[in-house]
Amino acid sequence: MAKGRVRRVMATFTSVVLVIALIAGIGFLYLRGDLNRLICDGACPPQYATAPESMRTAAANAAEAEAVGEGAIGSTALKQAVAGPLAHPALGPRVGFAAVDARDGAPLAGGGTEGLIPASTTKVLTAFAALEVLGPDERFATRVVRSGDTLTLIGGGDPYLVERRPADPPPVVTADLATLADRVARDVGTGRFALTYDAELFRGPSVSPAWEDGYVPSVVAPISALWIDQGRGAGGDPARAAADAFARLLRERGVEVADPARAAAAEGATEVATVRSAPVATIVADLLRTSNNETSEVMFRHIARAVGLDASFEGGAAAVRQTLEQDAISTEGLDLHDGSGLSRRNRISPTTLVQTLVAASRDDRTTATLSGLPVGGFDGTVRSRFEQAPAGLGWVRAKTGTLTGVHSLAGIATLPGGRPVAFAVMVDDTEGINPLETQRALDSVAAAIAGCAC
């Protein structure tokens, strides 16, 4: 009896391992550099035939890929595949769609340059521009400088700065004020100091006038170059909250400081200590996977600074447009008021989105725009999507966008043979329609691409 139970436990364990291996092997597309390559290199082991139905379908597609091979994508077949899903009544009367071969940008279906409300697919442009102008390895420094008996905490626009490093930190948390306080205490020893804080790196309003009333603080925090925990719970002054936390940390370490006051760092002040953020590529991947509004707005300002403009909402919008145009990406119909997509005044065309995705694949600097996209059915904002469109499970990586009456999906769908299609489908007139039905209709469009015999 005991041996029988052991055998049953081992059989269950083996089945679980196989399903996990399948998800890892065929669910996640390797998009850095060569868009055609899958982790399981076009064919997965035969034991995956015992997986659930949706997984068997994916395994069959992977096995078929080797026979189909690389080649042109049939435009006519693709148009026929998406015609029915695009006509679904849950998408409402205004539907924008574009699909291109992600390898060379060749148009396949749809197109047009009319701007629609993009919601969070705006973050695709923000992510691409950040990687393009800052580079994937750039980090943002939070510093302390000293001038006489005054210490100044200087915000460097680290979107993930925290007060104390958690015991099990997420990948993007690489800088914390406790570590900074340790370094300051080692340098200055015990003593009494004035403490000021400088959050002057960013300019303009911290809350966009193009946002709906009530977004702050429930949906997004006021944007600041100095904050902890992305400004959450900081009221209207994230920089002061961060400075207060830093003062407590210094006192815990025997450095006596007065209550902090806001002031620019003195010219000629000596640097005492620094902590640095995660690399831009890591930050971008997280903001795409989680659709993080605060991170997107911080990066929007860094983009502006990198091209010599004010680090503000207006500067970010101008800088993103400039970056896209320099990469020969269409900006017709483009109207940006923020970097997160919270503004209902934003307008982006499906053509701009797909051209951005194609441009991202051409340079190692920008491929995190693609690898950061969440995988349909498995992670991020599409983790619970594609249940009713299984052809897209694991074969679609896409950024979602959702506001009241607005839904969008933009990303890469992979056809048999590992052939990638960049697509964007956008609707912005669906008030009164069940949003879950609209999302399922969008998923069906992406799944129709992934399952196309093109």
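Me: Strand β9 and β10: in which sense do they pair, and over how many bridges?
Reply: This is a predicted model, to start with. In it, β9 (residues 396-403) pairs with β10 in the antiparallel sense, over 8 bridges.

Me: Which residue in β10 is the bridge partner of Thr402?
Reply: His407 is the bridge partner of Thr402.

Me: And how many residues lie between the strands in that hairpin?
Reply: The hairpin of β9 and β10 has 2 residues between the strands. Gly405 takes a positive phi there, near 75°.

Me: What about β10 and β11, how many bridges join them?
Reply: There are 9 bridges between β10 and β11, and the two strands run antiparallel. As an example of facing residues, Ala413 stands opposite Val421 in β11. The hairpin of β10 and β11 has 3 residues between the strands, and Gly417 has a positive phi near 95° in it.

Me: Is β10 mostly covered or mostly open?
Reply: Mostly covered: 10 of the 10 residues in β10 (residues 406-415) are buried.

Me: Zooming out, how many helices and strands does the protein have?
Reply: The secondary structure comes to 13 helices and 11 strands. The protein has 454 residues, of which 55% count as buried.

Me: What share of the contacts join residues at least 24 apart?
Reply: That share is 71%, taken among contacts between residues at least 6 apart in sequence.

Me: Changing topic. How many salt bridges are there in the whole structure?
Reply: A search of the whole structure gives 19 salt bridges. One of them joins Arg94 and Asp428, with the closest N and O atoms 2.6 Å apart.

Me: Where in the chain do Arg94 and Asp428 sit?
Reply: In distant parts, 334 residues apart. Arg94 is in the loop between α3 (75-86) and β1 (95-101), while Asp428 is in the loop between β11 (419-427) and α13 (435-450).

Me: Is Asp428 buried or exposed?
Reply: Asp428 is buried, at a relative accessible area of 12%.

Me: What about Arg240, which residue does it form a salt bridge with?
Reply: With Asp244, the closest N and O atoms being 2.8 Å apart.

Me: Why are Arg240 and Asp244 separated by about one helical turn?
Reply: Because they are 4 residues apart in helix α7 (residues 238-252). Arg240 is partly exposed at 29% relative accessible area, and Asp244 is partly exposed at 26%.

Me: On to aromatics. How many aromatic pairs does the count come to?
Reply: The count comes to 1 aromatic pair. Trp211 and Phe313 form an edge-to-face pair, 5.4 Å centre to centre with 85° between the planes.

Me: Where do those two sit?
Reply: Trp211 is in the loop between β5 (191-198) and α6 (215-218), and Phe313 is in helix α10 (residues 313-326), 102 residues apart. Trp211 is buried at 7% relative accessible area, and Phe313 is buried at 6%.

Me: Which residue lies over the face of Phe313?
Reply: Arg301, at 4.0 Å from the ring centre.

Me: Last one, His302. Which helix does it lie in?
Reply: His302 lies in helix α9 (residues 293-306), and at 3% relative accessibility His302 counts as buried.

Me: What is His302 in contact with, leaving aside neighbours within four places in sequence?
Reply: His302 is in contact with Leu134, Phe140, Gly156, Gly157, Leu201 and Phe202.

Technical notes: Residues numbered from 1 in each chain as written. Predicted model: local features only at pLDDT ≥ 70, side-chain atom pairs only at ≥ 80, totals over all residues. Heavy atoms only, no water. Salt bridge = Lys/Arg side-chain N within 4 Å of Asp/Glu carboxyl O. Buried < 20%, exposed > 50% of the residue type's maximum accessible area, 1.4 Å probe, protein only. Contact = heavy atoms within 4.5 Å. Pairing = 2+ DSSP bridges. Phe/Tyr/Trp six-rings, centres within 6.5 Å; stacked < 30°, edge-to-face > 60°. Lys NZ or Arg CZ within 6 Å of the ring centre and 35° of its normal.
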